[in-house]
Amino acid sequence: MARRAVLVVCDSLRRDLITPDVAPVLAGLMADACSFRAFRGVFPSTTRTSSASIATGCLPGTHGLLGNTMALDEGGGLVCRSVGDPDFRDRMRRATGGTLRVPTLAQRLADRGGAVILSNVSPGAAYFHDPDGWGWVYHRAGSYGPGLVPETGERHLAIRIGAEGDRTMTRRFCGEVLRERRPAVATLWLSEPDHTGHGEPLGSPAHRAAIRAADDRVGEVLATVADLEREGDDVLFVACSDHGMETTRRTVDATGRLVAAGLKAAPDSSELVLAPNGTGAVLYAAPEARERRDAIRRFLEGEDWVGRVFDGPELASLGLPVDGAVLMALTTRADRSPNAHGVPGHADIVADPESSKSYDGFGQHGGLGIHEQSPFLVVRGGGFAAARATAIPASLIDIAPTVLRHLGLAADGMDGRPLPMEPPPMTSA
Ligand SMILES: [Zn+2]
């Protein structure tokens with residue numbers, strides 16, 4: 001009996017928005033499979049960081065990818081860079097000597113059945129699932145096989161972001177990848193409902209339609225998995241999201257605030273660099289600016305858009321490095337107030353000077369708000385209890401070790417732990 005793992009990520013889908021009317025397949029899985037109701041993301045709760053954490057089973061401080069944007073010193077001082085840019089991998093190699101500091105599932109499985117991912121989110125999120133090309137990554141910006149050899153022509157995944165591209169990608173995933181190629185781990189990373197959630201109000205008809213579309217895709221994969229099981233495969237099926245979303249209350253020029261307060265020399269100065277990550281931010285400091293730490297913390301804690309500030313050992317509790325250039329991290333202020341569609345949760349976001357898009361009134365994430373930290377996780381097959389809902393702690397970083405256990409492989413060097421197959425059921429109050 002062939003042991004395989006199939007993972008489907010519905011980007012940004014909040015656990016509380018999975019209801020039988022909007023997402024019947026996922027609501028059914030939440031009832032019939034093993035559902036981890038206390039599942040959490042990482043910090044920053046951005047897709048690129050989350051992709052690396054799912055792939056490595058490690059926290060950002062361990063794997064080294066610290067957000068959708070992060071500061072790098074390539075020799076000319078600290079500069080904030082977008083992880084989404086096509087040249088970011090090369091910049092990271094120049095600045096740090098490599099990409100992720102720990103192996104991915106694709107590397108661990110290179111000689112043990114291999115890993116294939118089809119992803120329709122940002123290029124950076126797709127490529128940081130397997131940045132050094134141990135397996136196969138298919139993405140609309142460029143598809144690559146082992147050794148980062150391009151997959152061209154018909155082999156390339158020529159789709160567009162959004163529900164229609166997700167549909168084309170899923171058809172190929174179910175047919176070519178699951179039925180024909182049969183890798184040890186196959187991952188499908190849908191762009192919805194994230195893509196629509198960033199441009200429409202949460203809970204609006206368009207957002208609910210995007211959730212429904214993602215739910216339909218999960219249903220297609222589930223039907224294929226059921227066929228594989230009938231043919232004798234032992235499939236560990238995991239469906240999850242990488243984070244949720246909060247509704248953006250307002251956008252704050254955090255870097256400008258630091259400059260105006262005399263704590264940073266200029267918007268583009270390199271001694272202190274703020275890397276915006278939606279509802280979170282990470283501050284990096286060169287040695288000469290590290291003595292400003294207490295003053296910066298006092299300033300931030302007096303700002304009405306700041307929720308919590310973390311520095312020193314608190315960074316480790318967030319899963320961030322306590323050495324290197326990271327000085328401090330913050331989450332913006334979040335509350336539980338509902339938007340016009342009755343979806344609770346608002347938060348301020350930190351402006352990204354590189355992006356002209358406005359998120360005000362739409363979904364965003366990156367910090368530690370209740371709803372952005374409430375993604376969903378259901379596990380089916382592989383010996384996991386059925387019809388079980390549990391409130392035990394679970395995290396994105398537990399997925400990789402759970403997959404390796406199913407495949408009979410060691411999960412050494414991971415921050416995460418394999419999820420219990422018989423977790424204690426939730427007690428009803
Ligand atoms: Zn995401």
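Helix 2, which spans residues 47–56, is mostly covered, as 10 of its 10 residues are buried. Here "buried" denotes a relative accessible area under 20%, "exposed" one over 50%, and "partly exposed" a value in between, found with a 1.4 Å probe on protein chains only. Helices (H or I, at least four residues) and strands (E, at least two) are DSSP runs, numbered from the N terminus. Among the buried residues of helix 2 are Thr-47, Arg-48, Ile-54 and Thr-56. Just after helix 2, Gly-57 takes a positive phi of about 70°.

The structure is a predicted model, in which local features need pLDDT of at least 70 and side-chain atom pairs count only at pLDDT 80 or more, while totals for chains, interfaces and linings use all residues. Residues are numbered from 1 along each chain as its sequence is written, and side-chain values use heavy atoms, with hydrogens and water left out.

**The zinc site**

Thr-47 is also one of the residues that coordinate the zinc ion; the donors are Asp-11 (OD), Asp-11 (OD), Thr-47 (OG1), Asp-242 (OD) and His-243 (NE2), at 2.0 to 2.6 Å. Donors are N, O and S atoms within 2.8 Å of the metal (3.2 Å for Na, K and Ca); water is not among the atoms, so sites may look incomplete. Along the sequence, the donor residues follow the spacing D-x35-T-x194-D-H. Asp-11 lies in the loop between strand 1 and helix 1, and His-243 in the loop between strand 11 and strand 12 (246–252), so this pair ties together parts that are 232 residues apart in sequence. Both Asp-11 and His-243 are buried.

**Cysteines**

How many disulfides does a search of the whole structure find? The search finds zero, a disulfide being a pair of cysteine sulfur atoms within 2.5 Å. The closest cysteine sulfur to that of Cys-10 belongs to Cys-240, at 7.9 Å, which is too far for a bond. Cys-10 is buried, with a relative accessible area of 0%, and Cys-240 likewise counts as buried at 0%.

**Nonpolar cores**

A nonpolar core is a set of buried Ala, Val, Leu, Ile, Met, Phe, Trp, Tyr and Cys residues joined through side-chain atoms within 4.5 Å. The largest core has 41 residues, of which Leu-26, Leu-118, Phe-173, Val-221 and Phe-237 touch the most other members. Elements giving two or more residues to this core include strand 1 (3–10), helix 7 (163–181) and strand 11 (234–240). Helix 9 provides the largest share, seven residues. Apart from this core lies another, of 39 residues, among them Phe-36, Val-42, Ala-184 and Val-379.

Contact means heavy atoms within 4.5 Å. Leaving aside neighbours within four places in sequence, the contacts of Phe-237 include Val-6, Leu-29, Val-221 and Val-379.

**Two domains**

The domain bounds come from an automatic or database domain assignment. The protein is divided into domain 1 (3–65 + 100–244 + 373–406) and domain 2 (248–364). Buried area is the accessible area (1.4 Å probe) that two parts lose on being put together, summed over both. The table lists values for this pair of domains.

| Feature of domain 1 and domain 2 | Value |
|---|---|
| Distance between C-alpha centres | 29 Å |
| Area buried between them | about 1500 Å², 63% of it on carbon and sulfur atoms |

Phe-43, His-198 and Leu-202 supply 43% of the area that domain 1 buries against domain 2, more than any other three residues.
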